[in-house]
Amino acid sequence: MSAPGSAAWWRQRYAERERRRPRAGGLSLAAITGAALEIADGEGLDALTMRHLADRLGTRHTSLYRHVASREELLVELVDRVLAEVRLPQQAADWRPALAAGAREFRRVLRGHPAVAPLFVAGQLLGPNALRAREHALGLLIGAGWPPPTAVHIYLTVMHFVIGAAQMDAGGAARTAEERAAMAELFAGLPADTHPVVRRHAELLNAPDSDQEFDFGLQALLDGFGRRQEAP
């Protein structure tokens, strides 16, 4: 049995979808993942059990197993369900604004589902909606003139940057104004003989919010890619 979310598992999954015919009026994978997302968003991931999901759908939990054989499979499908919300930017000759727009849109979706965001580092993103985004981004970069090997590196770097930022936000690293002020006060009170630089720049260290940090990091990546493109 292949591990849920692995490449081998997805190959089997795609083959099953080709063979299986939907039952008229029956339970669908879309309905299952939609209800699962509602539970995760409203009650947290720990509340998402097969029985609770079946109750939400008004069916027996055994009915779910025709579509997902376990909670692990459900979580894999849930990740791809979230990716369905990503609005892909239009293809453009200028790769930079299109790539930036795609990154910000991906982050918007992940921030809208903080309970699910940690699942994005649990395995490979190989579902249909993940492949849709992968195809689009690589097509955009290669169409703009990037060599395919470099386009792959750019795509993976930006995607991993967005996922990492979302993990920080979901884990509580996105600080409120009050939390930043409290940290600045703590830094300002540090001994000058052991932490002179941190003490001196206490306000600066806590001035940016998570949006500013994300934009700075994204622009730094894009600037670096741009210089690489201009280099002989």
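**Reading the chain**

Modeller: The accessible surface of the chain comes to about 13,200 Å², and carbon and sulfur atoms hold 57% of that area. Accessible areas come from the Shrake-Rupley method with a 1.4 Å probe, and for residues only the protein chains shown count as cover. This is a predicted model, in which local features need pLDDT of at least 70 and side-chain atom pairs count only at pLDDT 80 or more, while totals for chains, interfaces and linings use all residues. Residues are numbered from 1 along each chain as its sequence is written, and side-chain values use heavy atoms, with hydrogens and water left out.

Colleague: How many helices and strands does the chain have?

Modeller: Helices (H or I, at least four residues) and strands (E, at least two) are DSSP runs, numbered from the N terminus. Here the chain has 11 helices and 0 strands.

Colleague: What share of the residues counts as buried?

Modeller: Buried means under 20% relative accessible area, exposed over 50%, and partly exposed in between (1.4 Å probe, protein chains only). Of the 232 residues of the chain, 36% are buried.

Colleague: Is Ser2 buried or exposed?

Modeller: Ser2 counts as buried because its relative accessibility is 16%. Its place is in the segment before helix 1 (7-19). Contact means heavy atoms within 4.5 Å; leaving aside residues up to four places away in sequence, Ser2 touches Ala8, Trp9 and Gln12. The side chains of Ser2 and Gln12 are also joined by a polar contact of 3.3 Å. Such a contact is a pair of N or O atoms within 3.5 Å; within protein, one must be able to donate a hydrogen and the other to accept it, and residues adjacent in sequence count only if both atoms are side-chain atoms.

Colleague: Where is Thr62 found?

Modeller: Thr62 lies in the loop between helix 3 (50-57) and helix 4 (71-83). With a relative accessible area of 45%, Thr62 is partly exposed.

Colleague: Which residues of the largest nonpolar core touch the most other members?

Modeller: A nonpolar core is a set of buried Ala, Val, Leu, Ile, Met, Phe, Trp, Tyr and Cys residues joined through side-chain atoms within 4.5 Å. The largest one has 50 residues, and those touching the most other members are Leu48, Leu53, Leu78, Phe106, Val116, Phe120 and Leu141. Helix 7 gives the most to this core, with 9 residues. Not counting residues up to four places away in sequence, Leu78 has contacts that include Thr33, Leu45, Leu48 and Val116.
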